Amino acid sequence: MVMTKEEQVEAAQGYVGRAMKRVEDPRLIKGIATYVDDLKPPGLLYAEFVRSPHAHAKIASINVDNAKKLQGVVGVFTGVDLNDKVGCVPTAAPQPDGKSPLHYVLARERAYFLGHPVAVVVAETRAIARDALDLVEVDYDPLPAVTDPEKALEKGSPLTHPELGTNVAFRWSLPAGDVESAFKEADKVLKLRIVHPRLTPMAMEPRGCLASWHAGESSLTLWTSTQIPHLVRTLLPGMIHIPENKLRVVTPEVGGGFGSKLNLYAEEAVISHLAMRLNRPIKWIEGRRENAAVTIHGRDQIGDHEIAIKNDGTVLGIRTKIIADIGSYLQLLTAAIPTLTGLMICGCYKLKAAHTDVTGVHTNKMCTDAYRGAGRPEAAYIIERVMDFVASELGLDPVEVRLKNMPAATEFPFTTATGLLYDSGNYQDALKKAQELANWSSLLKERETARKEGRLFGIGLSTYVEICALGPSKIMAAGGWEWGCVRIEISGTVTVITGATPHGQGQETSFAQIAADRLGVPIEDVVVLRGDTASAHFGRDTYGSRGTALGGTAIVMSIDKIIEKAKTLAAALLKGNREQVEFERGKFFIKGQEKDYLGWGQLASEAYVAKNLPPGLEPGLEASSFFEPSNCTFPFGTHIVAAEVDRETGQVKIRKYVAVDDCGNQVNPLLVEGQVQGGITQSIGAALMERTVYDENGQLLTGEFMDYAIPRAEDSPEYVLGSTVTPSPSNPLGVKGVGEAGTIGATPAIANAVIDALSPLGVRHLDIPFTPEQVWRAIQKKGD
Amino acid sequence: MIPVAFDYARPRSLDEALGLLATHGEDAKVLAGGHSLIPAMKLRLAQPKVLIDIGGIGDLRLINQQDGKIAIGALTTHYEIESSDLLKQSCPLLPEVAGKIGDMQVRNKGTIGGSCVHADPAGDWPAAMLALDAEFEVVGRNGNRTIAAKDFFVGMLTSAIGADEILKVIRVPATAKSAAYVKFAQKASGFAIAGVAAIVDKQRKEVAVGVTGVAPAAYRAASVEASLRGSDLSSATIASAAEKAADGVDPLSDIHASAEFRAHLARVQAKHALELAASRG
Amino acid sequence: MKLAATYTFDSPPEKVFAALLDPAVLQKCIDGCEKMEKTGEDSYDAHLKVGIASLKGSYIGKIRIEDKKPPESFTLNVEGKGGPGWMKGKANIRILPKENGTELVCDSEGQVGGLIAAVGSRLVEAVGKKMSDEFFRKLGEHLKA
C-alpha cells in the first residue's frame with residue numbers, strides 16, 4: 001500500500017501529539033452506534049426485577065402466582081429458585097479478617113437496601129414484564145434501618161447484618177513514618193472534620209445486559225454495558241457454573257461508566273443464568289430510578305483529621321480517622337476505595353508521617369465502590385483543605401504554605417511517607433503557570449475590592465497529585481498488566497486490538513494515532529478493536545486512568561515485535577544483511593538504498609502468501625504483548641478558582657476557573673482537554689449540588705434527576721486550561737493518565753474558594769455540597 | 001418507565017372531548033402537553049384507562065386581545081407565550097414567566113392550560129395568574145363558567161375545575177406594564193422553590209404579589225400588598241414590605257429547602273420582583 | 001414526618017370517642033376508603049384509594065386501635081401497602097372536655113417508602129396534613145348529623 005504524497009507529508013508530521021477529532025464521534029452523533037438496548041436478536045425476552053421498597057425488612061412471603069398467570073410471562077423467579085444455582089456476587093477486595101456478608105443475587109430471607117432485587121420476571125415484551133411486576137405480592141416485615149454510619153458504631157445500634165454481630169465491615173490502617181514524634185515536634189496540632197458526601201454516578205446510559213445461550217455449543221454470550229468485560233469473563237463463570245472458555249463477553253457502545261460500571265452486578269449473573277435456563281436470549285435494561293438506587297454510589301467518608309504543624313507553615317504529619325459508609329455489601333472494589341485515600345493522604349507534600357485508620361461500616365444502603373477518582377478525590381480534598389486550613393489558622397498565604405511543603409523538581413523520583421514512589425513531577429511549574437493563566441495578582445486585587453464593597457468573593461486553589469495507571473500486578477487484586485495485539489492484514493491495513501476497554505475515553509482514536517505513527521501508515525488504515533473477549537483475548541480493562549499508559553504501551557511493544565520480524569523478512573526479500581535493514585516511516589530498505597524500499601503492503605503480502613519466506617521465519621505479521629508496569633503514574637496539577645457568594649440566597653457563582661494539569665506526554669490534546677473539562681464539571685457537581693440522600697428509614701430521596709442535580713452546560717464556566725508536560729518514566733509513551741485528574745483537582749479548589757469567600761464572616765470550614773441553603777446557614781450562623 | 005396500558009382518543013372538537021369525558025368519567029384523563037401527566041403515567045402514579053388528547057382542537061390555541069383583555073387559549077404552549085409579540089407589548093409578565101419554565105423542550109410542548117389545571121405547588125404560572133387576577137373560562141356539558149384565579153388554585157395539585165370540565169381560555173388584563181417575575185429554582189428539577197410575580201400599579205399605588213413554590217398552593221402575599229397600598233414604592237418601603245411575603249402560610253419543606261429557607265427566599269424574591277416591577281413601565 | 005393538630009367539636013367527649021372507634025364512621029370519614037374489613041378485636045383492613053387529584057394509588061391499610069382509655073385517649077396504628085409504595089403511621093389521640101364540646105389533640109408521626117418517598121417527598125407532609133384535616137372535618141359533619 002503506497003502512500004500518496006499528502007499522506008507521506010502528514011505521516012511525517014506525526015499523529016501523536018495532534019489534537020484530532022475522534023473517529024468514534026460520527027457514529028455516536030448520528031445515532032448509528034450500537035448500545036446494549038439496540039440489540040434485538042430473534043426470540044428475545046425481557047426481564048424486570050421486583051425490588052424491595054424497604055431498606056431493611058424480613059421477607060415474610062412472596063406470591064408469584066398472579067404474575068405467572070399474566071399472558072406473555074415466561075417465568076418468575078425468586079431467591080428460592082436461584083440462590084442455590086447462582087453463586088454470590090464476588091468481591092475482589094475482601095478484608096483479611098474477612099467477615100463479609102454473603103451477597104446472594106436475589107434477596108432471600110431479608111432485604112438489605114432499598115431496591116434489593118427480590119424476584120425477576122421474564123416476559124415476551126418489556127411492557128408485559130413491567131405489568132407483571134405489579135402482580136408479584138411480597139409481604140415484608142420492616143426492620144429498623146441502619147442509616148447513620150457513626151450511630152451504627154454505637155452500642156445498641158440495630159445491625160445491618162445480624163449474623164455478623166457488628167456493623168463494622170472492616171478496619172484498615174496505614175501507618176506511615178513516625179507519627180508520634182511528628183506530633184511531639186509540632187508547634188500546634190490542628191483539628192479538622194471533613195465530610196465527603198455520598199454521590200450517585202448517574203452515567204447517561206444506565207446499566208443493561210443481554211445474555212444469549214447457544215445450547216448446541218454450550219456457550220454463553222453476554223453483551224453488557226460494562227467497563228470490564230475481561231474481569232466479568234473471569235468472575236462470572238464461577239457464579240453461573242460454566243467454564244471460562246465457554247463465555248464470551250462483549251461490550252457494545254457504553255454511555256458512560258465513571259466507575260459505576262467497574263463491577264460485576266447481581267443482574268448480570270441472573271440474566272445469564274436465566275438465558276441458559278430458558279434457552280432464549282434475555283435482555284434487561286435498567287431504568288433511571290433503578291440506576292440511582294442499585295448501581296454503586298461513590299465517596300461517603302467522614303474524616304476526623306489532626307494535623308501537626310510548625311508555626312512557619314511546615315506540615316509535619318497528619319492523623320486521619322475515616323468512617324466509610326460502604327452500604328450493605330462489598331461489591332467488587334468496595335473495601336479498596338478508602339485505602340486509596342490513605343495511600344494518597346500526603347498529597348504532593350513532604351509530610352514526615354501520616355497515619356490513616358479506616359473503618360468501613362455496613363448500613364442499609366446501596367454499596368459504594370469506585371466512582372471517578374475512587375478514593376483519590378477524597379484524599380486530595382482532605383490534604384488540600386488542610387493546606388488552606390493551616391494557612392488561615394496561621395495567617396499565612398496558602399500558596400506559600402504549599403510551596404513550603406512541596407518537594408523540589410530535583411527531588412524526583414520522590415517517595416512519600418506512605419511509601420509511594422512518585423515517578424516524576426514539577427509541582428512548582430504547574431502552580432506558577434496556573435497563577436499566570438489566572439492573572440493571580442489581579443485576582444487578589446479583585447478580592448480586595450470586593451471585600452471593601454462587602455461582597456463575598458473568594459479565591460481557592462488546589463495543587464493536587466494523584467495515582468493512576470493502576471498498576472504493578474504486585475499491588476493489584478488480579479493482575480495490573482495490559483494486553484495489546486497488532487496485526488498487519490494481508491492487504492497491508494492494520495488492526496489493533498486492545499485489552500483496555502475504553503467507553504468514551506477515545507482510545508479508538510488515540511491508539512490509532514500511536515499505531516499509525518509507529519508503523520508509518522496513514523491513520524485511516526488503522527482500525528482499533530476493543531471490548532469483545534473473542535477478539536481481545538486478554539485484558540484488564542479500563543478504570544483508574546490506565547488505558548493509554550498501559551494499553552498504549554502494550555500496543556507499542558507489539559508493533560516493535562512486528563517491526564523486528566518485518567526487518568528479517570525485508571532483509572531476505574531485499575537480499576541484504578539483517579543488520580543493514582532500516583525502517584523509517586513505513587518503509588524498509590537497506591541502508592543507503594532508500595529508493596528500493598518495501599512497504600507494509602508488500603511485506604504483508606509476502607508474509608501471508610508465504611512463498612519467499614527465509615528459513616525459520618513463520619508466516620504472518622502479528623504480535624501480542626503483555627505490558628507489566630513497574631510503577632503507577634502520578635499526574636498532578638494546579639487548579640485555581642475564583643467564586644462569589646450571594647449573601648441573600650447562598651448561591652455560588654464561579655467567576656473564574658483555571659486548570660493546569662500535567663498528564664505527561666499527550667497523545668491527543670483534544671482528548672486531554674475533554675477529559676479535564678468533564679472531570680472538572682463533575683467536580684462542580686460534587687462541590688455545589690450533588691448529594692445522595694437517604695432518609696432515616698433508608699428511603700432514597702434523590703432517586704431521579706428531579707431531585708439529584710447534576711451540572712448542566714450552563715453550570716460550567718469558561719475553563720481556562722493549560723498544561724505542563726513531565727513525561728512519566730514508567731512507560732515508553734511517557735503518558736500518565738488524565739481521565740480522573742480533573743475530578744480530583746477540582747473539588748478542593750472550588751471548596752477553598754467558597755470558604756475563602758465566607759472567611760470574612762468567620763467561617764473556617766464548610767462541607768460540600770455548597771447548596772444555597774448550606775451556604776446561607778453558614779452565613780447566618782456567623783452573623784452579618 | 002412503562003405506563004399501564006390505556007386507550008387513546010383524539011377528539012376533533014371540544015364537544016367531542018366533553019362527550020368522551022362524560023362517558024368515561026373517572027377513568028379518563030385529559031392530555032394537553034403531557035409534560036406533567038406522562039411522567040406521572042410512566043411512574044404509574046397516574047393510571048388513566050382512557051387518555052383524551054385535546055391537542056388537535058384548534059379553538060384552544062390562540063392569543064388575542066378583546067375589550068381590554070387578552071385571551072389565551074388553554075392549549076397555547078409556553079413557547080408561544082414566550083415569543084408572542086402581542087403579549088410582549090400588552091402583558092410582558094407572561095412571556096417573562098414562560099421563558100423561565102423548564103427548558104426549551106418543555107416549553108415547546110407544555111401548555112398554560114395544562115400547567116394551571118395540574119396546579120403543581122411549584123409551577124410558575126399560578127404566581128402570575130394570581131397577581132393578574134386572571135379569569136379561567138371552563139367548559140362543561142352544561143355550559144361555560146368563569147372561575148377567578150383566587151378560586152382556581154384550590155390546593156396541592158388540585159384546581160377548581162370539575163372532573164367533567166375542560167379549561168378553554170384564560171383571560172388577563174392588558175394593563176400590567178410594571179411587572180416582573182423572579183424565580184429561585186430548585187437546582188435539579190427547575191421548579192420554583194420561591195417564584196414571585198409582582199405587578200405594580202403606579203397610578204393606583206397598589207401592588208399585586210403572587211407567590212409560588214413556597215406553600216402547598218400558590219398564594220397572594222396579602223400582607224405585602226397591604227403594606228404597600230398608597231406607598232411611594234421606595235427601596236426601603238419595598239424591602240420592609242417584602243419581609244411579610246411568607247406571612248400566614250405554612251411553607252413546604254424538603255431536602256432542597258427547609259421551610260425556614262423557603263420563607264426567607266420568598267421575602268428575598270418578593271423584594272427583587274417588586275423592585276424590578278417598579279423600575280419598569 | 002410529624003404532625004400535631006387540634007380540632008374542636010360541639011359534641012361531648014364520649015360521643016367523639018365512640019364515633020372514632022366505630023368502623024362505619026371511620027370508613028365514612030376516611031377519604032377514598034372503599035371498604036373496611038374487621039380482622040380482629042380493634043383491628044381492620046381498610047381498602048383505600050388515596051392520593052391527590054388524579055395521582056391516586058390503591059392501598060390496603062392495616063388499622064389497629066391500641067391503648068384504649070375511654071373516653072380520654074387511644075392510639076391509632078396504620079400500616080398501608082400499595083403499588084406506589086408503603087406508609088406507616090401512628091397517631092396518639094387525646095380527647096379533652098371543653099366548654100360546650102370537645103377538644104381533640106392529634107399527635108401523629110408517619111413514614112413513607114417506595115415511589116411516594118422517592119418522587120413525592122416534598123408533598124408527603126402536606127398530603128398528610130390535608131388528609132388529617134379532611135378526616136376530622138368529616139368527623140365533625142358526621143357528629144352534627
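Trainee: Which strands does helix H19 of chain A lie across, and how do I read its angle to E27(A)?

Mentor: Helix H19 (residues 669–688) of chain A lies across E25, E26 and E27 of chain A, and its direction makes about 130° with E27(A). Axes are lines fitted to C-alpha atoms, for helices over the stretch in contact, and the angles between N-to-C directions run from 0 to 180 degrees. Helices (H or I, at least four residues) and strands (E, at least two) are DSSP runs, numbered from the N terminus.

Trainee: What should I keep in mind about the model itself?

Mentor: This is a predicted model, in which local features need pLDDT of at least 70 and side-chain atom pairs count only at pLDDT 80 or more, while totals for chains, interfaces and linings use all residues. Residues are numbered from 1 along each chain as its sequence is written, chains are lettered from A and ligands numbered from 1 in the order in which they are written, and side-chain values use heavy atoms, without hydrogens and water.

Trainee: What is the strand order in the sheet with E25, E26 and E27 of chain A?

Mentor: Strands of a sheet pair through backbone hydrogen bonds, either parallel or antiparallel. Here, the order is E18-E25-E26-E27 (chain A), an open sheet of 4 strands with mixed pairing; two strands count as paired if DSSP finds at least two bridges between them. At the edges stand E18 (456–465) and E27 (719–723) of chain A, each pairing on one side only. From one strand to the next, the twist averages 10°. E25 (residues 636–645) and E26 (residues 652–662) of chain A are antiparallel partners over 10 bridges, and Ile640(A) faces Val658(A) in E26(A).

Trainee: How do I read the sheet with the order E21-E20-E19-E24 in chain A?

Mentor: This open sheet also has mixed pairing among its 4 strands. E21 (526–530) and E24 (622–627) of chain A each have a single partner strand, so one side of each has no neighbour in the sheet. Ignoring direction, neighbouring strands are turned by 15° against each other on average. E19 (residues 482–488) of chain A runs antiparallel to E24(A), joined by 6 bridges, with Trp483(A) opposite Phe626(A). Helix H17 (residues 547–574) of chain A packs on this sheet, touching E19, E20 (494–498) and E24 of chain A, at about 140° to E24(A).

Trainee: How much area do chain B and chain A bury between them?

Mentor: The size of an interface is often given as the accessible area lost when the parts come together. Chain B and chain A bury about 2000 Å², 56% of it on carbon and sulfur atoms; the value uses a 1.4 Å probe and is summed over both parts. Arg44(B), Lys187(B) and Ile255(B) supply 28% of what chain B buries here, more than any other three residues. In terms of contact (heavy atoms within 4.5 Å), 22 residues of chain B meet 26 of chain A.

Trainee: How many salt bridges are there between chain B and chain A?

Mentor: There are 5, taking a side-chain nitrogen of Lys or Arg within 4 Å of a carboxyl oxygen of Asp or Glu. One of them joins Glu648(A) to Lys271(B), with the closest N and O atoms 2.5 Å apart. Helix H12 (residues 259–278) of chain B gives the most to the side of chain B that touches chain A, with 7 residues.

Trainee: And how many residues are in contact between chain A and chain C?

Mentor: 12 residues of chain A touch 11 of chain C, burying about 940 Å², 50% of it from carbon and sulfur atoms. The rule finds 1 salt bridge across this interface: Asp139(A) with Lys81(C), whose closest N and O atoms are 3.7 Å apart.

Conventions: Buried area = accessible area lost by both parts, 1.4 Å probe.
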